[in-house]
Amino acid sequence: MNEHTLSMRLERVAAHVPAGARLADIGSDHAYLPVALMRRGAIVAAVAGEVALTPFCSARRTVRENGFEQRIRVRQANGLAAIGPGDGITAISICGMGGETIRDILHSGGACLSGQERLILQPNGGQQPLRQWLMENGYRILSEEVLRENRFDYEIIVAERTGPVTYTPQELYFGPLLMQARSPAFLLKWQRVLNQKHKTLTQFARAGQAVPEEKVQIVARQVQWITALLA
Ligand code: SAM
């Protein structure tokens, strides 16, 4: 993967960035996403934010090598502190991190959000707490997808702030739109998760009293939900 050829995962994220956006890519690493989009003329400006020094330097190098220093600002900052009102950001991508980390970035950076930005999120696990945060903060999920690449199942969640929205516990767990669409990739993912959960329950049973009952109940309820979903 590089700024010329994105992974399928980032290619699908790119597809949700509105044409002509001013994009903030938080946790940008090499800045492949904003640079690829700028090379295609799909965005007009971007901020590549990185908290860690080595990826920040990689991002700066990719931007410099492509001659985009005037159009893509690379900033070393924690989460949404990379952006300011002067950037006029219209879309924010946060990809390749745990859902809880993405939630924490959105939560602690709330003051940097105008509420007008489209969020394009690609959590590696932790989708449920991330969707919970979106719901509690008035973000409606506009699009969701599951894709499989290199033996990993990835989810992409696109949301915009629209006002109060309510999702059921199952919708927060599976994704409200994914549950409706029931794509082959989605069903295969949950079949794999169900197999893992059955193994976990068997291990819990072997461990006996050592596993807190509450923990067993949570997994048992998830098994129930997934079984019902796949029925
Ligand atoms: N977004 C790219 C992608 O999806 O291919 C890179 C993903 S990489 C696995 C995660 C990056 O997020 C790392 O470079 C890490 O330094 C950065 N990161 C983690 N927490 C961050 C934060 N709070 N603020 C900014 N960057 C962060």
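**Close-up views of the predicted model**

**Legend 1. The second largest pocket has a volume of about 200 Å³.** This is a predicted model: local features need pLDDT of at least 70, side-chain atom pairs count only at pLDDT 80 or more, and totals for chains, interfaces and linings use all residues. Residues are numbered from 1 along each chain as its sequence is written, and side-chain values use heavy atoms, with hydrogens and water left out. A pocket is an open set of points on a 1 Å grid over the protein atoms alone, where a 1.4 Å probe fits, with protein on both sides within 12 Å along at least five of seven lines; lining residues have an atom within 4 Å of a point. Volume is the space filled by probe spheres set on the points, joined across faces, edges and corners. Lining this pocket are 14 residues. Nearest its centre lie Gly 125, Phe 152, Asp 153, Lys 189 and Val 193. By class, the lining has four nonpolar, five polar (Gly counts here) and five charged (Asp, Glu, Lys, Arg) residues.

**Legend 2. The second largest pocket lies between two domains.** The domain assignment of the protein chain gives domain 1 (8-165) and domain 2 (186-230). Both domains give residues to the lining of the second largest pocket, so this pocket lies between them. The C-alpha centres of domain 1 and domain 2 lie 32 Å apart. Strand 5 (118-123), strand 7 (152-161) and helix 8 (184-207) each supply at least two lining residues. Helices (H or I, at least four residues) and strands (E, at least two) are DSSP runs, numbered from the N terminus.

**Legend 3. The largest pocket holds about 250 Å³ of space.** Its lining comprises 14 residues, with Arg 9, Gly 27, Ser 28, Asp 29 and Cys 95 the closest to its centre. Helix 1 (8-15), helix 2 (32-39) and strand 4 (91-97) are the elements that give two or more residues to this lining. Strand 4 gives the most, with three residues. By class, the lining of the largest pocket has six nonpolar, four polar and four charged residues.

Legend 4. Two strands pair if DSSP finds at least two bridges between them.

**Legend 5. Strand 1 (residues 21-26) pairs with strand 2 (residues 43-50).** The sense is parallel, over six bridges. Ala 21 stands opposite Ile 43 in strand 2.

Methods: Domain bounds come from an automatic or database domain assignment.
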